[in-house]
Amino acid sequence: MVSDAAGVVVLGACAGWSLITAAVHEGRPEGVLLAVLAVAAGYAAGRIGGALLPVGAPCAGALAGVALTVAVPHLAPGPQITAPLGHAGATAAVLTLSAGAACCAAWAATAPAARIALRLLAAGTAVLAAVLGSTTGCVTCVAVLLCSLAAGRTRHRGAGLAVLAAAAAVVTCLAWAVAARAVPGGLVAALEGRLTPHRVQLWEDAWHLLRENAALGVGPGRFGELSTTSAQSLLSDGKPHSAPLQQAAEQGIVGVALMAAAFGWVLYALWRGPRPTPVALTAGATLTALAAIAAIGNALSFTAVSVGAGLLAGTATARPWADESSTRAPDTHPRGAGRAPAW
């Protein structure tokens with residue numbers, strides 16, 4: 001498929017550019033390479049699982065995400081004084097991916113009881129996020145569930161995916177505007193109250209590093225040693241807690257373009273994919289919510305999040321080996337809806 005070839009090119013370019021910028025600035029590309037490998041491995045596993053078990057694979061992924069959040073204490077955003085910053089974002093991201101996987105499984109199921117149970121599982125992830133104190137996770141899980149329900153009435157997946165892409169761009173641009181102090185002071189103060197002044201200062205450091213090294217950045221893994229705010233923090237993890245800003249500071253404008261291309265590739269794969277429109281739009285909404293979390297947090301620094309994103313994208317673009325017309329209710333949203341005609 002064209003989308004698979006595009007994915008190989010984009011992910012290969014992301015890995016290659018990290019090696020180039022690391023060689024120029026003596027950076028440490030291991031983190032970027034691990035993230036690329038995690039996404040690729042998750043995507044491949046998702047394609048296989050989605051082809052064999054269109055309902056079981058995403059359901060298992062949803063349950064695994066919930067179990068991971070409960071079983072691994074460091075993912076919980078509770079009062080852990082010695083824990084590095086950013087675990088709250090990982091909790092929100094994992095639970096959001098779990099909610100999206102459950103909703104995708106619900107659309108692939110045929111029995112009404114199974115669909116209800118899977119949607120209750122998605123709603124349960126929002127409740128779990130609230131219990132754990134992850135307000136962001138609760139909001140994004142509810143948003144994914146509502147978008148999934150709305151996807152059942154959407155006939156043109158292209159328009160829906162375009163809206164999701166625009167939403168991700170708006171959140172990313174807002175983070176950049178805050179970092180550049182290009183928004184009114186009152187809005188900055190309000191966001192600082194929500195995001196904490198420390199995080200906003202990290203963003204500003206990332207913006208200054210980008211302005212000084214716009215072409216190649218400062219090198220992968222070097223933000224922590226060059227950021228004044230990070231150096232002065234006792235619990236610093238050496239990251240600006242914004243994936244686009246970290247990519248910009250460490251790998252320059254080209255790195256940001258490659259990250260945007262990776263997200264665009266996933267949306268393109270969902271657009272051209274063989275799964276029903278509600279499944280594609282549900283996965284797209286989930287990954288858009290993940291992009292929003294990553295734009296204002298440190299979620300993508302956790303391998304489990306990268307693997308989960310790849311798994312969901314692979315499952316939602318897989319072509320089931322069994323005849324779907326005999327295993328699910330008739331699709332009222334044609335596979336080609338919202339897709340460019342093949343000439």
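The paragraphs below go through a predicted model, taking up a pair of packed helices, then a glycine in another helix, and finally the cysteines.

Two packed helices are described by the angle between their axes and the distance between the axes. In this model, helix α7, which covers residues 157-179, packs with helix α13, residues 277-295, at an angle of about 5° and with 9 Å between the axes. Because angles under 35 degrees count as roughly parallel, α7 is described as roughly parallel to α13. The residues that meet in this contact include R157, G160, L161 and L164 from α7, and T277, A280, L281 and G284 from α13.

Helix α2, which spans residues 30-52, contains G31, and G31 counts as exposed, with a relative accessibility of 51%. Between G31 and P220 there are 8.0 Å in space, C-alpha to C-alpha, although the two are 189 residues apart in sequence.

As for the cysteines, a disulfide is a covalent bond between the sulfur atoms of two cysteines, and the cut-off applied here is a sulfur pair within 2.5 Å. By that rule the model has zero disulfides. The cysteine sulfur closest to that of C141 belongs to C138 and lies 7.2 Å away, which is too far for a bond. C147 is likewise in no disulfide, since the nearest cysteine sulfur, in C103, is 9.6 Å away.

How values were computed:
Residues are numbered from 1 along each chain as its sequence is written. This is a predicted model: local features need pLDDT of at least 70, side-chain atom pairs count only at pLDDT 80 or more; totals for chains, interfaces and linings use all residues. Side-chain values use heavy atoms; hydrogens and water are left out. Helices (H or I, at least four residues) and strands (E, at least two) are DSSP runs, numbered from the N terminus. Buried means under 20% relative accessible area, exposed over 50%, partly exposed in between (1.4 Å probe, protein chains only). Axes are lines fitted to C-alpha atoms, for helices over the stretch in contact, and angles run from 0 to 180 degrees between N-to-C directions. Angles under 35 degrees count as roughly parallel, over 145 as roughly antiparallel, 65 to 115 as roughly perpendicular and the rest as oblique. Contact means heavy atoms within 4.5 Å.
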